[in-house]
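Q: Hi, I've just opened this one and would like a quick tour. Could you start with how the elements are named?

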Amino acid sequence: MFELLGIAPQMLFGQLLLGLINGAFYAMLSLGLAVIFGLLNVINFTHGAQYMMGAFVAWMLLEWLGIPYWGALVIAPVLVAVTGVVLEKLFLKRLYHLDHLYGLLLTFGLALIIEGFFRKQFGSSGLPYANPLPGGMRLDFMFLPNYRAWVVVASLVICFGTWFMIERTKLGSYLRAATERPDLVQAFGINVPRMITLTYGFGVGLAALAGVLAAPAYNVSPVMGSNLIIIVFAVVVIGGMGSIMGAIITGFALGIIEGLTKVFYPEASNTVIFIIMAIVLMVKPAGLFGTQK
Amino acid sequence: MSTATAAASATAKPLSHRKNRDLAIFAVFILAALAAPALVYPVFLMKVLCFALFALAFNLLIGYVGLLSFGHAMFFGFSAYISGHTVKALGWGPEFGILAGTACAALLGLVTGLLAIRRQGIYFAMVTLALSQMVFFYCVQAKFTGGEDGIQAIPRRALFGLIDIRNDLTFYYVVLAIFAFGFLVVWRAIHSPFGQVLKAIRENEPRAISLGYRVDHYKLMAFVLSAALAGLAGATKALVFQLASLTDVTWQMSGEVVLMTLVGGMGTVFGPIVGAGIIITMQNYLAGFGEWVLVIQGFIFVVVVLAFRKGIVGEIVAWWQKREDKKAA
C-alpha cells in the first residue's frame, strides 16, 4: 500500500509521530487555556510566554544549578505557576468586571514584556537542551526515539489526569460549579477569589510543564511560545472551549493531521490548521465541542 | 468594548455641534500638516500618516462596532505586497498600484470577514489572529513576495504620469491627501445612518437584531471598509519606503495597531492619529534599544489597560465633558 502511494513507511510513521508530539503540545496548551477561560473569562495570551518560561527555567536549572531534567519537570512548573499567581493578584483580578477583551489586551502586553526580556537576555536563535533519554527502539516500520515516546506518554497522562481531576473529583466539581455560578458557590462558603487565583496558577503551571517537555524536543528559544500560541488559538476555535475532553481530542487530532499534511502536501503544512479552522467556522461556528452562547 | 466608548458617545451636546468642532480640529490638523515639513523630516511624517490611517481603519471596527481584530496586519502587509509587485514587476503607475493593493485588501477583508463575523468577542479576536497568521505563511512561501528579502527598491514613478513623486516633499503632500481622503471616509461612515446602526450593534447586538437590522451585513460591510482602508495605508507605505516586507504581515504589526489605537483612545475620532504619532515617535527614538522596544510596548499595554483605558484623547474628551457639565449646572 505504501509503495502504491510512493511514500516510505519510515517517512509516514516518522511524520505521524512528530504530528502526535505537536498535537500533545496543542492539547496541553489548549487545555490550560480552556480551564483558565472557564473560570476567569480571560483568554490568556501570556500562555505561550509561560510555556517558553517553563522551557527556560528548565534550561537554567540544568545549566546554572545542575538540576537534571527530572527535577526540572517538577520545579519549573511550580516556579512559573508562582509567577502566574503573582500576575493574577497584581493585574488580572482588576479586570474581571470589564469587557473580556481587556483581559486579552493585558495578557498580550505581558506576553510582549516576557518575550522581549528573554530575547534581550538570550538572543532569539535558541539554546540546545540535552536529551535526557537518548537512544531509541527499532520497530519494524520505523525508529522510535525514546524521548519522543516519553513525551507522548507523559502528555497523555497529563491530559487525562487533568480531565479526571476536573470531571471526576470533588475539587473539580467545585471548579465546574464556580464556572457556572461563582456567586452561588461563594454563598456556600467556598473562597472563590482564591480558587480563581489557584486555577490561573494551575493553568500556567500546565503551560510551563509543556514547556519543560518541549525543551529537549525542540530548541529552547524566546520565540517558541508566540509561534505556538497562535496555532493553539486556532485549535481552541476549532474545538470550542466548553469541553476539556474536546480540547484534548482536538489538540491531538490536529497535530496528527498536520503531520500527515507534511507527508502528502508539505506546502500546506503550515496553514492546514488555519484552513480547518475556516472550514469549521463555516460548518459549525461554535466549534466541534462548543455551544454557542 | 462599550464601557470605553460610552463616555464619548453619551455626550449631552447636540451632534451637529460636536461634528463642527471635530471638523474644525481636523482642518487645523491639516493646516499644521501642510506646514510640518518645514520642521520635520517628510519620510517620518509620511510614516506617521500611513500608520495613522491604519489605526483609523482599525478603530472603525473596535471603536464603532466593538469588534477587536487581532489580524489587521494581513490587510496592511498584503496590500503592501500587491502594490509593490504591481508597480515593480508589472510596471504599473503608483496610482494603480495603490488601487490594486486596496482592492485586494478589500477582497481579503470580504473573505476573512465572512468567516470572522461568525464568532463574537474574544473568539473574533482569535479567528482574525489565526487568519492573519495564515496570510503570513502564504506570504513567506509565495513566489512574488520575495520571501525573507521582501520586494525591494519599488520604483516611484510619476503619479498619473504627471507628478514626480521621487521627491519626498512632493510625495508627502500626496500621502497627506490620501490620508485626508481616508479620514473623511471614516468620518462619513461613522456619522451616517450606517454608522448609527454600527454603534447600536456595539451597544446591544440582540436589540439591534430584534429591531430588524441584518447585523451580519453591517458587520461585514464595516469589516470590508476597515480592511480596504488598512490596505490603502499599507499600499501607500510600500511606496513611501519603496519596500514591502514580512514585517508588515506579522502578528506583531497587528499588535502595534491595537496599541496605537488603545493609547490614543478607542472609539474617539482623533485617538488613532494621536496614538500612531506617539508610538511611531517612540519607535524612532528607541530604535537603538533593540529588543527593549518589545518590553516597552508591552509595558505601555499593561499601563494603559490597567489605569488609562480611555486613552489620551478619550481622557481629554472626558475632562472637557466634565467641565462643560459643571458650567451648565
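Predicted model: local features only at pLDDT ≥ 70, side-chain atom pairs only at ≥ 80, totals over all residues.

Q: Good. Where is B:Gln242, then?
A: B:Gln242 sits in the loop of chain B between helix H10 (215–241) and H11. Its phi is near 55°, a positive value in a residue other than glycine.

Q: Is B:Gln242 buried, exposed or partly exposed?
A: Partly exposed, because 15 other C-beta atoms lie within 10 Å of B:Gln242. A residue needs 20 or more to be buried and 12 or fewer to be exposed.

Q: OK, at what angle do H3(A) and H5(A) pack?
A: About 30°, and the axes of H3(A) and H5(A) are 9 Å apart. The crossing of this pair is left-handed.

Q: Which residues meet between H3(A) and H5(A)?
A: H3(A) brings A:Gly48, A:Ala49, A:Met52, A:Met53 and A:Phe56, and H5(A) brings A:Ala111, A:Ile114, A:Glu115 and A:Phe118. By class, that contact of H3(A) with H5(A) divides into 7 nonpolar, 1 polar and 1 charged.

Q: Over in chain B, what about helix H4 and helix H5?
A: In chain B, helix H4 (residues 73–88) packs with helix H5 (residues 94–116) at an angle of about 145°, and their axes are 8 Å apart. The crossing of H4(B) and H5(B) is right-handed. Among the contact residues are B:Phe75, B:Phe78 and B:Ile82 of H4(B), and B:Phe96, B:Ile98 and B:Leu108 of H5(B). By class, the contact of H4(B) with H5(B) has 13 nonpolar, 7 polar and no charged residues.

Q: How are H11(B) and H14(B) placed?
A: Helix H11 (residues 251–264) and helix H14 (residues 311–328) of chain B pack at an angle of about 20°, with their axes 3 Å apart. Angles under 35 degrees count as roughly parallel, and H11(B) and H14(B) are therefore roughly parallel to each other. B:Leu262, B:Val263 and B:Gly264 of H11(B) meet B:Gly311, B:Ile312 and B:Val313 of H14(B). That contact of H11(B) with H14(B) has 4 nonpolar, 2 polar and no charged residues.

Q: Now the two chains together. How many residues does the contact take from chain A and from chain B?
A: It takes 35 residues from chain A and 35 residues from chain B. On the chain A side, the elements that give two or more residues are helix H5 (100–122), helix H10 (224–239) and helix H12 (272–283).

Q: Which one gives the most to the side of chain A that touches chain B?
A: H5(A), with 16 residues. By class, this side of chain A has 24 nonpolar, 5 polar and 6 charged residues.

Q: Tell me about H10(A): why is it called largely enclosed?
A: Because 15 of the 16 residues of H10(A) are buried, the rest of the structure largely encloses it. Its length also checks out: at 1.5 Å a residue, the 16 residues of H10(A) should span 22 Å, and its end C-alpha atoms are 23 Å apart, which agrees. After H10(A) comes A:Gly240, with a positive phi near 80°.

Q: Is A:Phe25 buried or exposed?
A: A:Phe25 counts as buried, with 25 C-beta neighbours inside 10 Å. A:Phe25 is in helix H2 of chain A. Not counting residues up to four places away in sequence, A:Phe25 touches A:Ala210, A:Ala214 and A:Leu228.

Q: Last one: where is A:Gly189?
A: In the loop between helix H8 (182–187) and helix H9 (192–217) of chain A. A:Gly189 is exposed, with 6 other C-beta atoms within 10 Å. From A:Gly189 to A:Thr250 there are 61 residues in sequence and 36 Å in space, C-alpha to C-alpha.

Methods:
Residues numbered from 1 in each chain as written. Chains lettered and ligands numbered in written order. Axes fitted to C-alpha atoms, helices over the stretch in contact; angles between N-to-C directions. Helix = DSSP H or I, 4+ residues; strand = E, 2+ residues; numbered from the N terminus. Left-handed = near helix turned anticlockwise from the far one by under 90°. Contact = placed C-beta atoms within 7 Å. Nonpolar A, V, L, I, M, F, W, Y, C, P; charged D, E, K, R; others polar. Expected span 1.5 Å × (residues − 1). Parallel < 35°, antiparallel > 145°, perpendicular 65-115°, else oblique.
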